[in-house]
Amino acid sequence: MANDPLLQPYRLKHLTLKNRLMMTSHEPAYPEDGMPKALYREYHAERARAGIGLTMTAGSAAVAKDSPPVFNNILAYKDEVVPWMRELTDACHEHGTAVMIQLTHLGRRTRWDKGDWLPAVSASHRREASHRAFPKQVENWDIERLIRDYADAAERMHAAGLDGIELQAYGHLMDQFWSPLTNTLEGPYGGELDNRLRFTFEVLSAIRQRVGEDFIVGVRYTGDEMLDGGLSADDGFEISRRLKDSGLIDFLNVVRGHIDTDPGLTDVIPVQGMPSAPHLDFAGEIRRRVDFPTFHGAKIQDVATARHAIAAGKADMIGMTRAHMADPHLVRKLMEGREEEIRPCVGANYCLDRIYQGGAAYCIHNAATGRETTMPHTIPRAEASRRIVIIGAGPAGLEAARVAGERGHRVTVLEAASDAGGQVRLTAQSERRREMMGIIDWRLAQCDKLGVEIRYNVWAEVEDVLAESPDAVIVATGGYPQDELPKIGHELVINTWDVISGHVAPGKRVLLFDETGDNAAMQAAEIIATTGAELEIMTPDRTFAADIMAMNLVPYMRALQRPNVTFTSTYRLKSVERDGDALLARITSDYALPDGQELAQERRIDQVVVNYGITPLSDIYFELKPHSCNGGAVDYDDLILGRPQTMVRNGGDGFQLFRIGDAVASRNTHAAIYDALRLVKDL
């Protein structure tokens, strides 16, 4: 691998980066009180130990109090950030990894009711759709203090020993000055491009006065807003040249698009089923025209694409941020010739979507990411080998098998179907979500390497399990669609799985009633809509697809923007009955009228599809309980603290019995995998 383009060093000013792979600036929302404490530090240190060349911390570290984070960002405007950033930097430098941070003022991309309840500020009064704040138009005294705030924050990062910083200029305050769509100022900061760039260059000049010439400074910016009336590609080329010619920066980090709406954000940072590396050629064109160090990252989730980007001269450093969330040891595996063992990023975007809903970033199928202080990325061997039987080869069962195999246990998996995958295999029936099978395929490969035995077409009975003389049994049988409650005439309806699997063809006039708000409903809706069927999607909730987070919802909604599709919220399917050659669906609402009268409606259609969620498939678990030493009980304190399960019931005889994933309760793929990891790592 010595000649691999990705493993070649790159010299940036005085700094030699040991390879061409980086994590772009991102905020996983792990700070405590706005500070990058132990978890934040260990998250980056884990990737540094594995050999990444550059780790960019803190997407959108706030430089000012009137830039309150809309999720849990680093507060770069506080002096106390310096020692915390120094600890993080030292931990990464110990392994030869360079560290930078992204500084920003969010401008209008925040809310006035966050933080200290200060008004948002921008170069116009125009509201950003995503965060809904109407900003105050910036005044001269604001500009003076904002320049000072940027310089103060940069000086703090210099004092903390970082290798450099980058300024955020796509969707944030800096490029809100740049864009004609968001700058309505007059005078020195509005109007012509020279004026709209003035704030940026004044900020850069102030930063240079504080940090000197050796400290590395770059800008991550949009080179083309892809909006009518906004910054064009030609504007982007000109801005790129001016940034270079200023002599104030050391690298360009290029993106393309706008992030003021959910669809815009999703085009900038594409999710599953969208094209890979959509902006790479554009970044390459800027690098060619400007001839300046150029970084880039946007859905470059596989090594082959990253390698092409460097080999073809599209970029000097390539960002694989979500890929490193899926596998923090990506670079080490690459250096050791184990590329085929890299855990793939499947583009599910659970990481980013969780952040935008106020949670911490977690990878959909690496439950140790974001839990580095409590969960291992490398599974330790057990002191003694045990006999483990796992029932079910979905994501939970396969993760349990993988971890048990890494522990050195003798593992057998009993799977009722002819193939592994469970609900993930069902999900992957849709072309746009086919990448989800990477979750299963990677685990199958790991289980094969570890000597895990998987027996297919086995409907496990108690006798089958007892015949294996197990020390521990893990039930990971998943669940099945709940379609019997409420009693609405369920014999006349089908469920979303019937549609997704292809077992039932969509009708011509379809009512899809979604009480759960998850992917199953939207995936079925997408399949039905593409047939041209007249489709009504109904939910009793006030919003659609409440459990599908913002960026993942975008491809669904684009597919459903059709004249044959209608959406009805706040109404509930009450009953279904036969009406000649059609079905009659009676509709009601939870929002009762003040006089108590029912809001009754009817629909005459030929097919009703329902989504009531998942019921655990757990019969075998309850049949095995009397044979177990723990009666299936889990000590939650031990589970949370990472201690082995030692609970004894039933007189202490028999095997340990546990159930995980949807066999316990309907949740999601990440929860199923996390169940398996945190239980089995201590077996």
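Trainee: Before we start, what should I know about the model and the numbering?
Mentor: The model is predicted, and local features need pLDDT of at least 70, side-chain atom pairs count only at pLDDT 80 or more, while totals for chains, interfaces and linings use all residues. Residues are numbered from 1 along each chain as its sequence is written, and side-chain values use heavy atoms, with hydrogens and water left out.

Trainee: How many cavities are there in the whole structure?
Mentor: The search finds 2 cavities of 30 Å³ or more, where a cavity is a set of points on a 1 Å grid over the protein atoms alone at which a 1.4 Å probe fits but cannot get out. A volume here is the space filled by probe spheres set on the points, which are joined across faces, edges and corners.

Trainee: What is the volume of the largest cavity, and which residues lie nearest its centre?
Mentor: Its volume is about 550 Å³, and of the 38 residues that line it, Ser25, His26, Tyr170, Ile269 and Leu352 lie nearest the centre; a lining residue has an atom within 4 Å of a point. Two or more lining residues each come from β4 (54-62), α7 (262-268), α10 (321-326) and α12 (350-356), helices being DSSP runs of H or I with at least four residues and strands runs of E with at least two, numbered from the N terminus.

Trainee: And by class, what is in that lining?
Mentor: The lining of the largest cavity has 19 nonpolar, 14 polar and 5 charged residues. Ala, Val, Leu, Ile, Met, Phe, Trp, Tyr, Cys and Pro count as nonpolar, Asp, Glu, Lys and Arg as charged, and the others, Gly among them, as polar.

Trainee: What about the second largest cavity?
Mentor: The second largest cavity holds about 90 Å³ of space, and its lining of 13 residues has Cys345, Asn349, Cys351, Cys363 and Ile364 nearest the centre. The largest share of that lining, 3 residues, is from α10, and by class there are 10 nonpolar, 2 polar and 1 charged residues.

Trainee: Changing topic, how many residues does helix α3 have, and how far does it reach?
Mentor: Helix α3 (residues 140-159) has 20 residues and reaches 29 Å from its first C-alpha to its last, close to the 28 Å expected at 1.5 Å a residue, the expected span being 1.5 Å times one less than the number of residues. After α3 comes Gly161, whose phi is positive, near 90°.

Trainee: Which residues touch the most other members of the largest nonpolar core?
Mentor: Of its 154 residues, those are Leu103, Met157, Ile165, Phe177, Trp178, Phe199 and Ile318. A nonpolar core is a set of buried Ala, Val, Leu, Ile, Met, Phe, Trp, Tyr and Cys residues joined through side-chain atoms within 4.5 Å, and buried means under 20% relative accessible area, with exposed over 50% and partly exposed in between (1.4 Å probe, protein chains only). A second, separate core of 25 residues includes Ala525, Ala529, Leu535 and Ile614.

Trainee: Is Phe658 buried or exposed, and where does it lie?
Mentor: Phe658 is buried, with a relative accessible area of 0%, and lies in strand β27 (residues 656-659). Not counting residues up to four places away in sequence, Phe658 touches several others, among them Val473, Tyr621 and Leu683, where contact means heavy atoms within 4.5 Å.

Technical notes
1 Å grid on protein atoms, 1.4 Å probe; cavity = no way out; pocket = protein on both sides within 12 Å on 5 of 7 lines; lining within 4 Å.
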